Amino acid sequence: MQSQPFLLFILLLCHTESIGQPNISGKYEDAFGASIDLKSDSTLRYDYRFDLMHFWTVGQWHVRGRRIDLTFMPIYDTLSRSNQPDSLVLSVDETTEKIDDVEFATNSLLSGGQSIDRMPGQVIAKRDRLYLVSKSGKPDRRRVRGFWTRKRWPTWYRKV
């Protein structure tokens, strides 16, 4: 009978711990046209839009304490050319297809598509914000000048 109060204490402690955990999933945007959508199934979509450009990336995310690792998962199309072996190229959309020379050339003219380089590899979650990781390993709270303006904009992503 002595173990019942102890068991009740452990259950209450576990329940309050789960209540205190923030919900990290959701959509976050920065001041420069980028957004990160962390879905509850640990997948993500990164988008960057500026003027006529649109770069995107899909992947997975994993939490390690306050840090979130963002992993790029490329989507490929199969490029089929006559008298050459098939090859894989990054797809311009989220469906895998078999494409030919003409479609590949047309897709190359687009200003956008999948982008490996734009998505950060790691962010730090804190109070409905995602911070880039500075060289020292701490949240990057800098403000940088915008395009053609003197105004300084935050570098972090805020939950919308």
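I began with Asp47 and Arg45, whose side chains meet in a salt bridge, 3.0 Å from N to O. The model I am reading is predicted.

I checked how covered this pair is. Asp47 counts as buried because its relative accessibility is 11%. Arg45 is buried too, with a relative accessible area of 19%, and the cut-off for buried is under 20%. I then found Glu94 linked with Arg45 and Asp47 in a network of salt bridges.

How many salt bridges are there? I noted a count of 5.

Next I looked up Asp86 and Lys98. Their side chains meet in a salt bridge at 3.9 Å, N to O. Asp86 sits in the loop between strand 6 (76-79) and strand 7 (87-90), and Lys98 in strand 8 (residues 98-99), so the pair ties together parts 12 residues apart in sequence. Asp86 is partly exposed at 43% relative accessible area. Lys98, at 59% relative accessibility, counts as exposed.

I also logged Arg64 with Asp69: a salt bridge, with the closest N and O atoms 2.7 Å apart.

Asp69 came up again at Gln60. Gln60 lies in strand 4 (residues 53-64) and is partly exposed, at 32% relative accessibility. Beyond its neighbours within four places in sequence, Gln60 touches Ser42, Thr43, Leu44, Asp69, Leu70, Thr71 and Met73. I put Gln60 and Asp41 at 8.8 Å, C-alpha to C-alpha, and 19 residues apart in sequence.

Last, the surface. Which residues form a positive patch? I listed Arg66, Arg127, Arg129, Arg141, Arg143 and Lys151. Arg143 belongs to strand 12 (residues 143-145) and is partly exposed, at 45% relative accessibility.

Note on methods:
Residues numbered from 1 in each chain as written. Predicted model: local features only at pLDDT ≥ 70, side-chain atom pairs only at ≥ 80, totals over all residues. Heavy atoms only, no water. Helix = DSSP H or I, 4+ residues; strand = E, 2+ residues; numbered from the N terminus. Buried < 20%, exposed > 50% of the residue type's maximum accessible area, 1.4 Å probe, protein only. Contact = heavy atoms within 4.5 Å. Patch = residues over 30% accessible without salt bridge, like charges linked within 9 Å, V, L, I, M, F, W, Y side chains within 5 Å. Areas by Shrake-Rupley, 256 points an atom, 1.4 Å probe, with all protein chains shown as cover. Salt bridge = Lys/Arg side-chain N within 4 Å of Asp/Glu carboxyl O. Lys, Arg positive; Asp, Glu negative; His and termini not counted. Charge placed at Lys NZ, Arg CZ, Asp CG, Glu CD.
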